[in-house]
Amino acid sequence: MSDELTALYTDQYEFTMLRSALADGTAHRRAVFEVFARRLPDGRRYGVVAGIGRLLDALERFRLDDDSLAFLLDRGVIDEPTAEWLASYRFTGDIWGYAEGECYFPGSPILVVESTFAEAVLLETLTLSILNHDSAIASAASRMATAAGGRALIEMGSRRTHEAAAPAAARAAYIAGFTSTSNLLAGRRYGIPTAGTSAHAFVLLHDSERDAFRAQIETLGRGTTLLVDTFDVREAVRTAVEVAGPGLGAIRIDSGDLPALAHEVRAELDRLGATGTQILVSGDLNEHAIAALAAAPVDAYGVGTALVTGSGAPTAELVYKLVARSTSDDPSAPLIGVAKASTGKPTHKGRKWAHRVIEDGVAVAEVVTTWPDIDRPGRPLLVPLVQRGDIVGREPLEMARERHVRSLAELPPAARQLSWGEPAVPTEYNGAPAYSADGPDGRRATAVEAERTDERRT
């Protein structure tokens with residue numbers, strides 16, 4: 001997606017809504033859309049924002065060429081007046097959002113899009129497809145990094161996801177604490193360190209395991225990583241040290257009883273004098289398997305399937321909802337809050353600001369309000385990303401990575417537990433809980449109460 005136009009990475013109803021709004025004169029009313037999650041995946045205590053940088057890149061290419069317009073006309077999705085309007089489409093509004101790497105909670109307004117209805121509604125599908133994917137992976141990656149306890153993590157999921165999703169997954173994982181990726185496009189596009197040496201096929205290609213090890217070492221040097229579980233792990237470790245000497249860089253174990261094998265292999269490496277040789281384990285790891293290896297002499301983990309599928313939560317369940325709109329297309333017309341009242345799927349009306357309340361260095365509340373300033377200690381969470389159509393929020397990937405470390409560090413200690421739990425920081429809406437753990441009926445009640453509070457305040 002890096003070089004192509006992105007406006008057709010969308011659902012048909014975005015264009016049919018635009019067509020109808022242009023026809024009835026409501027298309028140019030000012031509108032505010034927000035991206036948020038009603039809940040976190042079951043048992044998760046926080047989420048991680050990722051994909052903002054990719055979204056800004058995609059927004060820059062969000063337009064339609066003649067072929068795209070012809071396709072939409074041929075399908076009857078749009079009519080000629082809509083095509084004429086779309087031919088010069090460029091987003092000219094404002095976007096604020098949580099910066100990449102920031103932690104979020106249910107109700108956090110991760111993205112706020114303000115423009116005309118016509119300009120903003122078209123961005124829904126692209127925005128959600130990027131942020132849902134990347135945030136789901138970053139959220140899983142953060143838990144894995146916590147479980148790893150400072151040991152290296154290699155993203156190895158390219159063969160378990162769509163080819164276009166693989167570099168995006170590597171990027172999201174890197175933001176949340178992974179140290180490198182096997183995906184070369186991610187390395188080239190985002191500057192992420194890359195890693196990888198050989199697979200079982202390379203061993204099976206040779207007449208013996210010894211021949212395979214010798215060939216790899218002669219080509220890549222003694223600092224390489226040798227895969228030792230093709231046949232017998234213990235015998236392979238001895239052969240590896242005989243061929244490479246005690247200066248062998250690392251060995252990788254990809255199957256078997258990993259905790260037991262790690263202890264046995266460490267003892268054997270030390271006995272052979274290879275005390276500096278590291279042990280990398282891989283093979284169907286997730287955060288719980290990584291945590292189970294905490295006491296094992298493991299130096300690094302390679303994670304694939306669980307990471308690129310969000311470790312059981314492949315989407316962050318973010319939604320893109322209209323929360324305010326003007327009463328006419330007059331630019332000076334006031335905004336009024338609008339909201340769904342659907343059972344189980346309510347929204348909160350009004351353009352929001354968010355503020356994380358910090359006490360003694362620990363986050364105690366996520367306050368979401370319909371006014372920008374609150375008199376409580378903490379920090380604002382929404383930063384400008386786009387102003388009058390100009391992208392202002394780009395930043396180096398390393399900044400997002402560093403931000404995540406800081407954001408996670410300020411959460412209560414319980415946030416880093418892998419056991420089932422409620423969100424680590426409660427979300428308050430205009431001073432009342434925005435989302436409860438009581439299920440759809442409880443959420444509906446607090447939402448209605450909060451909206452009444454908002455109405456009295458305005």
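**Exercise 1. List the buried residues of helix H7 and say how enclosed H7 is.**

Start with the list: Ala165, Ala166, Pro167, Ala168, Ala169, Ala170, Arg171, Ala172, Ala173, Tyr174 and Ile175 are buried (under 20% relative accessible area, with a 1.4 Å probe and protein chains only). Helices here are DSSP runs of H or I with at least four residues, and strands are E runs of at least two, both numbered from the N terminus. Next, count: eleven of the eleven residues in H7 (165-175) are buried, so the helix is largely enclosed by the rest of the structure. Just after H7, Gly177 has a positive phi of about 125°.

Keep in mind that this is a predicted model, where local features need pLDDT of at least 70 and side-chain atom pairs pLDDT 80 or more, while totals for chains, interfaces and linings use all residues. Numbering runs from 1 along each chain as its sequence is written, and side-chain values use heavy atoms, without hydrogens and water.

**Exercise 2. Work out which strands stand at the edges of the six-stranded open sheet.**

First, write the order: E7-E6-E11-E10-E9-E8, with parallel pairing (at least two DSSP bridges between two strands). Then look at the ends: E7 (180-181) and E8 (225-227) each have a single partner strand, so one side of each lacks a neighbour in the sheet. Now zoom in on E6 (152-155) and E11 (300-303), a parallel pair joined by four bridges. Leu153 sits opposite Tyr301 in E11.

**Exercise 3. Find what Ile253 is in contact with, leaving aside neighbours within four places in sequence.**

Look for heavy atoms within 4.5 Å. The partners include Val228, Leu258, Leu261, Val281 and Ser282.

Terms used
Buried < 20%, exposed > 50% of the residue type's maximum accessible area, 1.4 Å probe, protein only.
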